[in-house]
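Here is a short briefing to read with the model open beside you.

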Amino acid sequence: MSTITNLPFDLLQPILIHLHDRRHLSTVALVSRAFNHAVTPLLYRRLDSQVKRNTLHHPSATLLKRPELAQYVWHVTETGTVQRFRQVIPHITEDIVAALRLCTNITSATWVDDTLTPEANFLPILDVLMTLPLRELTIRTQYDPGERVWSRLNTIQGIRRLSVWSLEWGPPRVLQGWADLLSSSLTYLELGRCAGVPATILISVFMKLPLLQELCLKGAPSAAIPAIIACLPNLIALDTEYLDSGNYRTPLTPLPRLQRLTIQTGSVDIDGPQKLWTWMRILLPHQQTLKSFTLNAFAVHGQITIPRPFIVNLTGRHGKSLQDFAVGVAQLTLETVSYMCSTCPQLTTFECSVASPDVDSIAKAIEAGHNLRTLSLHVSWIPHGSVDLLPQFEKYSEPRTMYANSSHVISEGKAGRFTEEQARALMLQTRLRSIGIGDQSYTGRWVRRGCSAKVTQDVGKEDVVLEVVGDPFV
């Protein structure tokens, strides 16, 4: 009879790969020789150098003592912060480079540096990385790594995923001179600082990256974004900022069919930047392609309110495809929430701010969202009678009272806490399994009675019960 301890290696490792915590993997490695043999490659697949509480944690010492483990390393994270330990460990750089040379199967690397000398710190590491079959590279520094670093980077080919973030000093780096070599491979790109770069230069770079599918672009002129993405026919995900309206020519080339759109913006006005809503509609000209819409917006005075015409346009074009809608603290009315739930049948995630007198009003607004799994609402509790669903949206709501008596929720115009009982009732009548209302969050899952650590209601003799757990940090 087969047991977990004598499973073949080719079955055991695919099971253990679902353990993401290194502590759990380390424990499993002690179970038996077979488990140790299966887990060891997983333990060393990703190695990160870290500095915690002024203590250096670096895998180089282990790799130099046991070089046979280096064959399992696929991803490394190195940091310039380790140079602060040179007085204690004078040969730290030499040890790191020697260990890195042993890892000939590395395909992904991350460099993080918040020191004043990123060039001197990175060059020895980069010399090794250039000899490896890199497919993914992330560079995150406080200051520009310098011309010598970039002259070497501009010779690397075959990168599929690239992320460049240099927050201060030095010229913005937008792949000038490198894009030609990346043209046949790059599908994912993050450029964290493009402020001050003319739109014509950005467009000339992106015209050389036709395979790009995912783009995160910060600091680029907003008016030029349509022209930029028009160069990328395969683009499906865009994460960018709305900084100003400006003027730029309208592209003649059709825009890509975006599936995920993330916008960050700010305003001194609760109505949001003047042309934000029109600009976002321009980015989404196609029908039923968008699956995820995220807006991270803030206003100096109050909360940004999303205008109803924008929601109507968005759901009219993408209602059948939209699955995730997250606008953070941006404000929607309950009737707009109801309208979105009824016109977006695939909606699984919903996040926004609302004003509501009680939880029952929220439950009524979302009851048409039959596929909702995650709900996160920043709520301004208001007195009863302050808000009602508009008549045209009542048709989407079946008569229902989730809570027979709402008096325990509202008292003199102030809402009580969103309780576990309310979360359970909402989960039992919907597909929701993660609910955050106000400052209270709960997750639910179906478990066998004997496996449930917390069951708060009598469910008779049912073997399966809904376990609801509150956020322990609230």
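At roughly what angle do the axes of helix 11 and helix 12 cross, and within what distance do they come? The axes of helix 11 (residues 276–283) and helix 12 cross at roughly 10 degrees and come within 11 Å. Please keep in mind that this is a predicted model, in which local features need pLDDT of at least 70 and side-chain atom pairs count only at pLDDT 80 or more, while totals for chains, interfaces and linings use all residues. Residues are numbered from 1 along each chain as its sequence is written, and side-chain values use heavy atoms, with hydrogens and water left out.

**Helix packing**

- Helices (H or I, at least four residues) and strands (E, at least two) are DSSP runs numbered from the N terminus; axes are lines fitted to C-alpha atoms, for helices over the stretch in contact, and angles run from 0 to 180 degrees between N-to-C directions.
- Helix 11 and helix 12 are therefore roughly parallel to each other (angles under 35 degrees count as roughly parallel, over 145 as roughly antiparallel, 65 to 115 as roughly perpendicular and the rest as oblique).
- On the helix 11 side, W277, M280 and R281 meet F310, N313 and R317 of helix 12, where contact means heavy atoms within 4.5 Å.
- By class, the residues of this contact of helix 11 with helix 12 are three nonpolar, one polar and two charged (Ala, Val, Leu, Ile, Met, Phe, Trp, Tyr, Cys and Pro count as nonpolar, Asp, Glu, Lys and Arg as charged, and the others, Gly among them, as polar).
- Helix 12 (residues 308–318) also packs with helix 13 (residues 334–343), at an angle of about 5 degrees and with the axes 10 Å apart.
- That makes helix 12 roughly parallel to helix 13.
- R308, I311, V312 and T315 of helix 12 make this contact with T336, Y339, M340 and T343 of helix 13.
- The contact of helix 12 with helix 13 has four nonpolar, three polar and one charged residues.

**Aromatic rings**

- The count comes to eight aromatic pairs (rings of Phe, Tyr and Trp, its six-membered ring, pair if their centres lie within 6.5 Å; planes under 30 degrees apart count as stacked, over 60 as edge-to-face and the rest as tilted).
- One of them is the stacked pair of W111 and F122, at 4.9 Å centre to centre with 20 degrees between the planes.
- W111 lies in strand 5 (residues 108–113) and F122 in helix 6 (residues 118–129), so the pair ties together parts that are 11 residues apart in sequence.
- W111 is buried at a relative accessible area of 3%, and F122 is buried at 0% (buried means under 20% relative accessible area, exposed over 50%, partly exposed in between, with a 1.4 Å probe and protein chains only).
- F418 and Y442 pair edge-to-face, 5.5 Å centre to centre and 75 degrees between the planes.
- Both F418 and Y442 are buried.
- Ring pairs also link W277, F293, F310, F325 and F350 into a cluster.

**Charges over rings**

- R45 lies over the face of W74, at 3.9 Å from the ring centre (the rule asks for NZ of Lys or CZ of Arg within 6 Å of the ring centre and within 35 degrees of the ring normal).
- The charged end of R308 sits over the ring of Y339, 5.3 Å from its centre.

**Positive phi**

- L175 is not a glycine, yet has a positive phi of about 70 degrees; L175 is buried, with a relative accessible area of 3%.
- Q288, also not a glycine, has a positive phi of about 55 degrees and is partly exposed at 31% relative accessible area.
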